[in-house]
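Please examine the sequence and the three-dimensional structure shown below. The report after them is meant to be read alongside both.

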Amino acid sequence: MLVLGLETSCDETAAAVVADGRRVLSSVVATQFELHAQYGGVVPELAARRHLENLLPVISGALDQAGVRLADLDGVAVTQGPGLIGALVIGMAAAKSLAWALGLPLAGVHHLQAHIAAILLTETPPEFPLVALVVSGGHTNLYEVRSLMDMRLLGRTRDDAAGEAFDKVAKLMGLGYPGGVVLEGLARAGDPAAFPLPRPRIPEEPLTFSFSGLKTAVATLVKKEPALLHEMQSRADLAASFQEAVVESLTVRCLEALRRTGCRRLLVCGGVAANGRLRQALGVLSQAEGFRLYLPPLSLCTDNAAMVAALGWHHLRAGRTLSLDADVFARG
Ligand code: KG4
Ligand code: ZN
């Protein structure tokens with residue numbers, strides 16, 4: 001069964017063809033970050049307009065790469081939310097039109113569940129239950145996943161998402177947008193213990209994340225000592241110290257979630273799961289604590305439509321189709 005997936009929730013326009021929810025025949029991603037870089041963050045109106053321009057070529061590209069025609073498709077899946085409304089609407093309109101014109105069933109998927117479903121596209125997908133950390137530019141959510149359709153939220157951030165913190169700190173260090181990957185590059189040459197940065201904890205809510213205090217601590221340091229940013233080594237040290245504080249905040253809570261649920265499997269996914277230091281720290285932890293660790297390859301961590309098609313296939317198989325008057329949603 002061939003499913004065409006579409007993803008337009010934020011600043012990537014993506015289309016993919018996936019067979020039987022398992023085999024990626026194609027996955028095309030048109031990123032917009034150069035468009036938003038000059039503004040230091042995603043501008044929703046510009047994102048929506050760019051999705052409109054990019055979507056049809058991206059869909060054609062995905063069909064060509066997969067070597068299939070529209071008539072070969074068995075279903076269409078689209079990200080319904082959460083995300084930027086104007087951006088989501090473009091993908092939804094295209095998906096509805098295709099489904100209607102081709103007489104195909106339509107699946108509307110949850111963006112965060114799709115990040116989790118990305119792991120199903122790897123060689124050895126996990127069994128359930130598992131603990132999943134979805135860590136991206138918009139979310140930092142811990143779930144107990146009993147099955148793809150049955151997830152319980154264990155904890156989330158009370159302020160910034162981890163990826164947002166990476167982007168904001170990168171911006172105040174003058175590293176551009178999106179900052180995560182650039183900051184990681186800079187941190188490689190730095191000492192993670194150079195600057196003692198806070199690791200906020202809320203004792204009565206051990207699974208709740210908080211990153212705004214960390215971001216403020218970096219901003220205060222830089223304000224007090226602007227020279228920090230002019231010297232290569234201190235820039236690298238600051239990047240490494242910040243990254244280490246984020247990594248520790250994430251790993252500590254993953255471990256706590258595993259303890260509380262009794263799960264022995266941990267999945268970490270979403271854009272920040274592409275971070276090499278986080279992947280390394282999780283690897284060490286899984287060895288020491290004896291749990292199985294699942295990390296999607298980098299191309300499946302950041303936004304893509306293969307994960308949307310994979311989850312969409314499960315929706316369609318379960319008969320969970322979307323009617324043509326269904327709407328998108330920003331939060332939830
Ligand atoms: O999942 P994603 O592509 O989009 C959202 O749904 O938000 O995640 C994007 C986020 C951005 O904040 C970006 O800075 C962060 O993931 N990111 C990284 C890395 N690659 C992407 N953060 C840290 N290290 C990375 N290597
Ligand atoms: Zn995402």
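Predicted model: local features only at pLDDT ≥ 70, side-chain atom pairs only at ≥ 80, totals over all residues.

Residues are numbered from 1 along each chain as its sequence is written, chains are lettered from A and ligands numbered from 1 in the order in which they are written, and side-chain values use heavy atoms, with hydrogens and water left out.

**Metal site**

The zinc ion (ligand 2) is held by His111 through NE2, His115 through NE2 and Asp303 through OD, at 2.1 Å. Donors here are N, O and S atoms within 2.8 Å of the metal (3.2 Å for Na, K and Ca); water is not among the atoms, so sites may look incomplete. Along the chain, the donors of the zinc ion (ligand 2) are spaced as H-x3-H-x187-D. Helices (H or I, at least four residues) and strands (E, at least two) are DSSP runs, numbered from the N terminus. His115 and Asp303 are both buried; buried means under 20% relative accessible area, exposed over 50%, and partly exposed in between (1.4 Å probe, protein chains only).

**Aromatic pairs**

Rings of Phe, Tyr and Trp (its six-membered ring) pair if their centres lie within 6.5 Å; planes under 30 degrees apart count as stacked, over 60 as edge-to-face and the rest as tilted. By this rule there are two aromatic pairs. Phe166 and Phe242 form an edge-to-face pair, with 5.2 Å centre to centre and 80° between the planes. This pair links distant parts of the chain, with Phe166 in helix H5 (residues 162-172) and Phe242 in helix H8 (residues 232-261), 76 residues apart. Phe166 and Phe242 are buried. Phe209 and Phe211 form a stacked pair, at 6.2 Å centre to centre and 15° between the planes, and both of these residues are buried.

**Helix packing**

Axes are lines fitted to C-alpha atoms, for helices over the stretch in contact, and angles run from 0 to 180 degrees between N-to-C directions.

| Helix pair | Axis separation | Crossing angle |
|---|---|---|
| H7 and H8 | within 11 Å | roughly 165° |
| H6 and H8 | within 7 Å | roughly 115° |
| H2 and H3 | 8 Å | about 35° |

The angle between H7 (residues 212-224) and H8 is roughly 165°, which makes H7 roughly antiparallel to H8; angles under 35 degrees count as roughly parallel, over 145 as roughly antiparallel, 65 to 115 as roughly perpendicular and the rest as oblique. The crossing of H7 and H8 is right-handed, whereas H6 passes H8 in a left-handed crossing. A crossing is left-handed if the near helix is turned anticlockwise from the far one by less than a right angle, and right-handed if clockwise.

Contact means heavy atoms within 4.5 Å. From H7, Leu214, Val218, Leu221 and Val222 meet Leu238, Phe242, Ala245 and Val246 in H8. Phe242 is also among the H8 residues met by H6, whose contributors are Leu183, Glu184, Leu186 and Ala187. In the pairing of H2 with H3, residues including Leu52, Leu55 and Ile59 in H2 meet residues including Ile90, Ala94 and Leu98 in H3.

**Backbone features**

Most residues other than glycine have a negative phi, and most peptide bonds are trans. The peptide bond from Gly81 to Pro82 is cis, with omega near -10°, and Pro82 lies in the loop between strand E4 (75-81) and helix H3 (85-102). The bond from Tyr177 to Pro178 is cis, with omega near -10°; Pro178 is placed in the loop between H5 and helix H6 (179-187). Asp20 has a positive phi, near 55°, and sits in the loop between strand E2 (12-19) and strand E3 (23-31).

**Two selected residues**

Ala309 is in helix H11 and counts as buried because its relative accessibility is 0%. The C-alpha atoms of Ala309 and Val78 are separated by 7.6 Å, although the two are 231 residues apart along the chain. Gly271, in the loop between strand E9 (265-269) and helix H9 (276-289), is partly exposed at 25% relative accessibility. Leaving aside neighbours within four places in sequence, the contacts of Gly271 include the zinc ligand His115.
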